[in-house]
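Here are my comments on the model you sent. Please read them with the coordinates open.

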Amino acid sequence: MVAFATFAFASDGEMIKAYSVVAAGVGLGLAALGGAIGMGNTAAATISGTARNPGLGGKLMTTMFISLAMIEAQVIYTLVISLIALYANPFLK
């Protein structure tokens with residue numbers, strides 16, 4: 001966050017670019033935090049379910065990998081939106 005803020009306030013006076021950099025940093029940070037919490041909960045539930053019923057371990061792992069991919073997709077969507085805000089900012093035109 002601090003690294004993004006230094007780039008934001010070291011710009012050539014265009015506040016929209018500065019705020020876009022700060023928003024991208026905050027957005028990516030929150031998306032990564034939410035994704036990490038979701039992935040941790042998913043892994044914990046899968047381990048708990050496998051410990052309770054080892055026969056379902058394969059099905060639980062398959063379901064876990066699908067849900068981890070969906071969680072990670074949300075973080076990647078945030079990355080794409082942040083890159084659009086940084087490099088093809090629609091507010092500057």
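The points below go from the whole chain to single residues.

1. Confidence. This is a predicted model, so the confidence values come before the geometry. The mean pLDDT of the protein is 85, and 84% of the residues reach 70 or more. Helix α1 (residues 2-9) has the lowest mean among the elements, at 61, while α3 has the highest, at 92. Where pLDDT is low, the predicted coordinates should not be read in detail.

2. Overall make-up. The secondary structure consists of three helices and zero strands, and the order from the N terminus is α-α-α. Of the contacts between residues at least 6 apart in sequence, 60% join residues at least 24 apart.

3. Surface and burial. Of the 93 residues in the protein, 18% are buried. The accessible surface is about 6,500 Å², and carbon and sulfur atoms account for 74% of that area.

4. Length of α2. Does the span of this helix agree or disagree with its residue count? Helix α2 covers residues 15-52. Its 38 residues, at 1.5 Å each, should span 56 Å, and the end C-alpha atoms lie 55 Å apart, so the two agree.

5. Length of α3. The check for helix α3 (residues 57-87) also comes out in agreement, because its 31 residues should span 45 Å and its end C-alpha atoms are 44 Å apart.

6. Buried residues of the two helices. In α2 the buried residues are A18, S20, V21, V22, A24, G25, A31, G35, T42 and T46. In α3 they are G57, M64, L68, V75 and S82. Helix α2 is part of what covers the buried residues of α3.

7. T46. Which residues does T46 contact, apart from its neighbours within four places in sequence? They are L60, M61 and M64. T46 belongs to helix α2, and its relative accessibility is 8%; buried means under 20%, so T46 counts as buried.

8. Nonpolar patch. V26, L30, L33 and I37 make up a nonpolar patch on the surface. Together these four side chains' residues have about 370 Å² of accessible area. L33 is placed in helix α2, the helix that also holds buried residues such as A31 and G35.

Notes:
Residues numbered from 1 in each chain as written. Predicted model: local features only at pLDDT ≥ 70, side-chain atom pairs only at ≥ 80, totals over all residues. Heavy atoms only, no water. Patch = residues over 30% accessible without salt bridge, like charges linked within 9 Å, V, L, I, M, F, W, Y side chains within 5 Å. Areas by Shrake-Rupley, 256 points an atom, 1.4 Å probe, with all protein chains shown as cover. Helix = DSSP H or I, 4+ residues; strand = E, 2+ residues; numbered from the N terminus. Expected span 1.5 Å × (residues − 1). Buried < 20%, exposed > 50% of the residue type's maximum accessible area, 1.4 Å probe, protein only. Contact = heavy atoms within 4.5 Å. pLDDT = per-residue confidence, 0-100.
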